[in-house]
Amino acid sequence: MRMRPLTLTAASGAALLAAGLLPANASAAPASAQEGTVSAAALLAKVTSCQQISNGTYRTDEETSAAIPVCGKNGAVFWKADMDIDCDGQRTANCNESTDPWYQDDTAFHQSDGKPLKADTLPYVVVPSPSGIWNYANAGIRGGGVVAVVYADKVEYAVVGDTGPTGIIGEASYATARALGIDPDPETGGADSGVTYVLFQNSQVSPIEDHGAAVALGDRLAKQFVQTG
C-alpha cells in the first residue's frame, strides 16, 4: 500500500506521462458496465447512516485528519473514503518500480498458485492492518472476501487482496480503479472522495483470482444486503 501525497497535480502527472515514466493508458481509464444486477443507488441507499464498529477513525492519507469510521449493517461492514491506487504484487507493464514509486512485489494474500496478486488485472481492495482501531479478521473479513466498490453510478465487485498501514483507509487495485472510470495511475491517479466500500462478512472467493466468481457471489450477497431491513 502507498500513501498518496495531496500536493500532486494533474500538471505533474502530464509531465511524467510525457517523459514516458507512466503507463500510456494511465490517464484514460475506461469505465466498465455495471457489474451484477444491484444498482449503485440501491447499495448507497443502505449505507446512509453508520453504526460504528471501529474503536476509532481512520485517515485517508498521511496529511489528513482521522475522520473515517468503519460501519456495520446487514452482514456487511462499510466505509466511505477516497481511493488510492495499489499497484503491488506481480510485476507487469503497468505495475512495477518504474511506474509506482511505492511498488512492492508482494500482496498480503496470494493466488491459488502461491504467487502474489496482479493489481492491474484483478480488482481487489486494501484493508487496514489490525490495530486498536479495528481488526478486520474479528469482523469476519478475510483474504478473498467479496467487496462491492461503489463510485458515482458504477458498482465493481472486488476481493480483499492486500493490507495496508494501521491508520489509513481507502485503497484499491489498479484494476478496480480502471473498471470504475478512475485514473489508475499509482502516483497521480485515484479519487479524492466519493468511494464506498461494502465488505460482505464471512464471504470468500476461491480461488481468489477468479473475478467471475467474485461478481456472482457479490451480486447474490448485495441482493441480500439491500433486501434486509
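Guide: The structure holds four salt bridges. Keep in mind that this is a predicted model, where local features need pLDDT of at least 70, side-chain atom pairs count only at pLDDT 80 or more, and totals for chains, interfaces and linings use all residues. Residues are numbered from 1 along each chain as its sequence is written, and side-chain values use heavy atoms, with hydrogens and water left out.

Visitor: What counts as a salt bridge here?

Guide: A side-chain nitrogen of Lys or Arg within 4 Å of a carboxyl oxygen of Asp or Glu. Take R91 and E97, whose closest N and O atoms are 2.7 Å apart. R91, E97 and D105 are linked in a network.

Visitor: Where do K223 and D219 lie?

Guide: First the general idea: an α-helix has 3.6 residues a turn, so residues three or four places apart point the same way. Here, K223 and D219 both sit in helix α4, four residues apart, about one turn of the helix. Helices are DSSP runs of H or I, at least four residues, numbered from the N terminus. The K223–D219 salt bridge has its closest N and O atoms 3.8 Å apart.

Visitor: Is D219 buried or exposed?

Guide: Buried means under 20% relative accessible area, exposed over 50%, partly exposed in between (1.4 Å probe, protein chains only). D219 is buried at 10%, while K223 is partly exposed at 36%.

Visitor: Which other residues of α4 are buried?

Guide: Among them are A214, V215, L217 and F225. The buried residues of α4 pack against elements including α2 (40–45) and β7 (191–200), contact being heavy atoms within 4.5 Å.

Conventions. Helix = DSSP H or I, 4+ residues; strand = E, 2+ residues; numbered from the N terminus.
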